Amino acid sequence: MHKLRFFSGIALLALSAGGCGLAASSPERDIIVPAEPTLIDFADPAAVTGLSTRTLTGRDSSSSRYVHIAYPELADAPALNKALRARAQRQLRDFRERTKGSVAYPRPELNVNWQLAAASPKAVAVRLRTGEFLGTRWDNSTRTYWFDPGENQAVGSTGLLAGQSALDALAALVREQLTERGSQVERDAVTGGGDQFDSMAFNRNGDLVVEFDDCQIGTCSLGRLAVAVPAGQVAPLLSGLGRRAQASAREAVATGYVSDDEGAPLPRNNPAAVSNKAGTVDCAKVKCVALTFDDGPGPRTGRLLDLLVEGRARATFFAVGNGAVAQPELLRRMSADGHLIGNHSWAHRDLSKQPTSKITDSLARTADAVAAAIGQAPTLVRPPYGAVSQDLRNVARDMGYSLVTWNVDTEDQRDGTAADIANTVVRKAHPGAIIRMHDTDRETVDAVPDILKRLRGKGYSFVTVPELYGSARMQAGRLYRSGSEPSRKQPLT
Ligand code: NI
């Protein structure tokens, strides 16, 4: 997890009690380092009560395109939840339309992850970061939704401003800021119209940070382009919500949080994650399968954990870091119940399209999130979409990870019912099978009691992935698809 330095832990508790909690975090690591004033202090989602995460994959994840859209859901913010859900559904629909009949390789991909750009009783902001890959490069864009808890109202970022004339005045201030940015930026393209001002938030000084999408007002190679309009200049242009949001951004710092991006790295000496019930089943003597659940934790994970306890089954959860960091209590429960937690990347982008540095970053951040929650670091990686490149194998080897895919796919992201999913699992299960499911999928969770009952009736035990191999240790950098993998010769690369 990204590190926070608190001047006072009490401040966090006091603010949490007021409704939405509040903390400051450091900027995301996968952006070109911008000038200091354009950094936004993201709030720690784990400090916000009533927050869960949603994942949209469309339940039709065809093999021709990859989609993973994640967004938060807040118990006390129905209007915000509705706006985020509508946005996710619209993005999915538009992407499907654009990639209809596509046979491109590498596959087109849509990925959306999120941060909290504000989380106080006065204002909440969700920053959605979209990456779209249509064959040659990633196009990144951001959009920030604001929520006014007092009014139960969700608005786009322009809701921070007091109407069109304020937007026009802001455009002039932004153009002024851009004069120092060189000829690659089309300063005059900034008019405040369209969706140019769809991602705005305040930095710790109360300056308004305006973020532009890739290629929006400059050449695409520029990376993240953002400006910070000084607090005093923007103040007269703000709406009521804008003024409250600006004040709470400053209060967050005054009450004692600073991000600590330059500080010492988190200790990476956590013990390797292992099921606390490992060794209780001998897969050399009894029939074993490994149930694996990807993409969580999510709103259905708690119920799934109940069902697994009732069915006396253990499983391997491949957690997405972006969701894990928001819901550490679910990870703690998994661990306490004897399940094993693996690494499913930070934001679920196809790692086989990524360079080594981004693969490393994505896996390390997720490992930090898991370790911060349970005190153990994952040893297994399930690559998003099961896509493996040589670079990924090399990184896995260097970081000490085994790669785990599957040999039984329930295809639970297609349009099947719970009964279809249960029938598929029961039909395809065999000793040593690694079965892939998703704890983000309602039908999958509904199918679990039936799966456990029927497979147990056939004599199966449910173990975590490493237990399939008994005393043979899983090797770093190696790809495992099934419990019989070690018997096969496989280049270690
Ligand atoms: Ni996945």
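Let's start with alanine 118, which lies in strand S4, residues 109–119. This is a predicted model, and in it alanine 118 is buried, because its relative accessible area is 14%, under the 20% that marks a buried residue. Setting aside neighbours within four places in sequence, alanine 118 is in contact with Ala123, Val124, Ala125 and Trp146.

The protein has 493 residues, and buried ones make up 57% of them. Its elements include 12 helices and 20 strands. Among contacts between residues at least 6 apart in sequence, 70% join residues at least 24 apart.

Next comes helix H5, residues 240–254, where glutamine 246 is found. Is glutamine 246 buried or exposed? Glutamine 246 is buried, since its relative accessible area is 7%. Not counting residues up to four places away in sequence, glutamine 246 touches Phe202, Gly206, Ala231, Val234, Ala235 and Leu238.

Now to the metal. Which residues coordinate the nickel ion? They are Asp295 through OD, His344 through NE2 and His348 through NE2, at 2.1 to 2.2 Å. Along the chain, these donors follow the spacing D-x48-H-x3-H. Histidine 344 and histidine 348 are both buried. Aspartate 295 counts as buried too, because its relative accessibility is 3%.

Most residues other than glycine have a negative phi, and most peptide bonds are trans. Aspartate 295 has a positive phi of about 85 degrees although it is not a glycine, and it lies in the loop between S12 and H6. Proline 297 has its place in the loop between strand S12 (287–294) and helix H6 (301–310). The peptide bond leading from glycine 296 to proline 297 is cis, with omega near 0 degrees.

Another positive phi belongs to arginine 312, at a value near 50 degrees in a residue other than glycine. Arginine 312 is found in the loop between H6 and strand S13 (315–319). Arginine 312 is exposed, because its relative accessible area is 60%, and over 50% counts as exposed.

Here are the residues with a stated accessibility, side by side.

| Residue | Relative accessible area | Class |
|---|---|---|
| Alanine 118 | 14% | buried |
| Glutamine 246 | 7% | buried |
| Aspartate 295 | 3% | buried |
| Arginine 312 | 60% | exposed |

Finally, let's visit a pair of helices. Two packed helices are described by the angle between their axes and the distance between the axes. For helix H11 (residues 418–428) and helix H12 (residues 442–457), the axes come within 8 Å and cross at roughly 40 degrees. That angle makes H11 oblique to H12, because angles under 35 degrees would count as roughly parallel and 65 to 115 as roughly perpendicular. The crossing of H11 and H12 is right-handed.

Which residues of H11 meet H12? From H11 come Ala418, Ile421, Ala422, Asn423, Val425 and Val426. On the H12 side they meet Glu443, Thr444, Asp446, Ala447, Asp450, Ile451, Arg454 and Leu455. The residues of this contact divide into 8 nonpolar, 2 polar and 4 charged.

Methods. Residues are numbered from 1 along each chain as its sequence is written. This is a predicted model: local features need pLDDT of at least 70, side-chain atom pairs count only at pLDDT 80 or more; totals for chains, interfaces and linings use all residues. Side-chain values use heavy atoms; hydrogens and water are left out. Axes are lines fitted to C-alpha atoms, for helices over the stretch in contact, and angles run from 0 to 180 degrees between N-to-C directions. Helices (H or I, at least four residues) and strands (E, at least two) are DSSP runs, numbered from the N terminus. Angles under 35 degrees count as roughly parallel, over 145 as roughly antiparallel, 65 to 115 as roughly perpendicular and the rest as oblique. A crossing is left-handed if the near helix is turned anticlockwise from the far one by less than a right angle, and right-handed if clockwise. Contact means heavy atoms within 4.5 Å. Ala, Val, Leu, Ile, Met, Phe, Trp, Tyr, Cys and Pro count as nonpolar, Asp, Glu, Lys and Arg as charged, and the others, Gly among them, as polar. Donors are N, O and S atoms within 2.8 Å of the metal (3.2 Å for Na, K and Ca); water is not among the atoms, so sites may look incomplete. Buried means under 20% relative accessible area, exposed over 50%, partly exposed in between (1.4 Å probe, protein chains only).
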